[in-house]
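Please open the model in your viewer and keep the selection panel at hand. The stops below are meant to be followed in order.

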Amino acid sequence: MYKLFVFSICVFHVYAVLDANEGPLSLDPKMNRPEEKKFIPTKEWHVVAEGQAIPPGLHVRIDMQTGKKEAKLLEEGNDGGNSNSALISTETSVDDSIEEVKPELDYSEIKEALKKIKNDAKETSEGNVGKGFRTYDQIKEEMMELEQSIKTEYEIVKELVAKYLSTKDDLERQLILSDLEFYVHQYDNAQDFVKMGGFSEVVLPALNSTKKDLRSSAAFLLGSACQSNPKAQIAAMERGILPHLIRLISFDPNPDVRNRALYAISSIIRHFPLAQKEFINHGGMTAFADIFLTGSADSLKLQLKIVTLLGDIILEKEMAAQRLKDFTRSELSESANEAEKAMLAEKLRQYEAAGIEKVLVEQNFCRLLPRLLTSIGNVDDKETRREDLSFIQGRPLREEHDVVEKVVQAMLILARSCRTDFQSVRNQIQTLGERYQELKNVEQAQMSSRTSDADKDSIDLYYSKIHDMCQQLWTQLQKDEL
């Protein structure tokens, strides 16, 4: 019994010593590691042995080439010097077996946090409604203002007319006429301008103005309004504008006014035989003939425009007659075709009543036209004119070629009515044909040098066209003589 008692006291003493030196024993074998395997850190780097535990809060580095691990106490400003090592600052032990304990979240706390997020989003949204978006009333008000600011072209033309009538400043009136000219190019705007009294209250007073700029702008406005617009053409004729335009081309000293007055006349009488007759009755053809008696450069430009206009009017009549013949030859079964045939017949009757070809002969245009070619011949010699045989592409047309083209084309149209007077210039027509034959040869040579069809189609055989017209006119005059 005594021996048992002594043995118990010894065991108790051993446990007391262990408890005082090492603390309580753990059932985890990993926590009961021998004391000699624990790593004791210092301020210097020391190698951490394989499997050796290190306390938290150390500066650890691992050599990525050798796998050697070293550790030391954290020291501010000391980051080691081995570039091949990975430096790790730890707050916990590197022992993988020690798991981090995560606190459990209470359900009520999560619910309160979500409520707080929703309330914050709601407050933010309510605070930005007035800043980022407009109310329905604001949008409605802005749309009404926008609709009021948008004006139709009818309203713009009406305002311009009213503004022109209210102002007395000539410069402002000229600007208004230019703005109106822009709008009356549109078919309906021109007719609205007529209904607003534009011809009577704006154009006519401006044509009679003492300011050349107003006269010029008014004639330009009138020509743009009447161009290819039958209703505007009729309105201009009914309001008696043609006599004012004839006066301008006859007596106005400003070339720009005269050119624009001719533009307005051309817009009114083209494809309108009744206006052509009205023009003739007011002495328009006499005014044209007088222009051919002057020899200034400005007059030459005006003469060419007159030649083109007269030639186009004669072609109008011939085309109307040809279309009527085509209708007569074909069998008509529809009432629409019958109506169109009746319209063509009435229009041809109006062309015949205007008798413009007869007036051309009476006003000596058959003699005036060749004078343009004669003036060309007088200055067209080797000393005063360089014979340019270069290809037309890539350089501007010279004025004499343009004159020859327009005059010869008009003479072809008038050859039937003026065959006797044109005989006097038959030799000159032959000379022109020979000259343009040389230019045609150059064009043909350059045409042959082109390889692709696209390149050939892009060539404008201008000189060849003039040569062919000269040849056609000379041949026709030759037949008339025989």
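Begin by selecting Phe288, which touches Ile249, Leu262, Phe279, Ile306, Leu309, Leu310 and Phe365 when residues up to four places away in sequence are not counted; contact here means heavy atoms within 4.5 Å. Before going further, note that this is a predicted model, in which local features need pLDDT of at least 70 and side-chain atom pairs count only at pLDDT 80 or more, while totals for chains, interfaces and linings use all residues. Residues are numbered from 1 along each chain as its sequence is written, and side-chain values use heavy atoms, with hydrogens and water left out.

Now widen the selection to the largest nonpolar core, which has 93 residues, and in which Phe193, Phe199, Leu222, Leu245 and Phe288 touch the most other members. Helix α18 (residues 399-422) supplies the largest share of this core, 12 residues. Apart from it lies another core of six residues, including Phe39, Ile54, Leu58 and Val60. A nonpolar core is a set of buried Ala, Val, Leu, Ile, Met, Phe, Trp, Tyr and Cys residues joined through side-chain atoms within 4.5 Å. Buried means under 20% relative accessible area, exposed over 50%, and partly exposed in between, with a 1.4 Å probe and protein chains only. Helices are DSSP runs (H or I, at least four residues), numbered from the N terminus.

With -55° about the S-S bond, the link of Cys366 and Cys418 is left-handed, and both cysteines are buried.

Stay on helix α18 and select Asp402 and Lys406, which lie four residues apart there, about one turn of the helix. Their side chains meet in a salt bridge (2.7 Å, N to O), a term that stands for a side-chain nitrogen of Lys or Arg within 4 Å of a carboxyl oxygen of Asp or Glu. Asp402 is partly exposed at 23% relative accessible area, and Lys406 is partly exposed at 25%. Elsewhere, salt bridges that share partners join Lys317, Glu352, Glu357 and Arg416 into one network. A search of the whole structure finds 17 salt bridges.

Another of these pairs is Arg215 with Asp252, whose closest N and O atoms are 2.8 Å apart. Arg215 lies in helix α8 (residues 212-226) and Asp252 in the loop between α10 (242-251) and α11 (255-269), so the pair ties together parts that are 37 residues apart in sequence. Arg215 counts as buried at 11% relative accessibility, as does Asp252 at 6%.

Asn189 is buried, with a relative accessible area of 5%, and, leaving aside neighbours within four places in sequence, is in contact with Glu153, Tyr183 and Val184. Tyr187 is also placed in helix α6, but Tyr187 counts as partly exposed at 39% relative accessibility. Beyond four places in sequence, Tyr187 touches Ser228, Asn229 and Pro230.

Finish at helix α2 (residues 107-132), which holds Ile117, a residue that counts as exposed at 55% relative accessibility.

How values were computed. Helix = DSSP H or I, 4+ residues; strand = E, 2+ residues; numbered from the N terminus. Disulfide = S-S within 2.5 Å.
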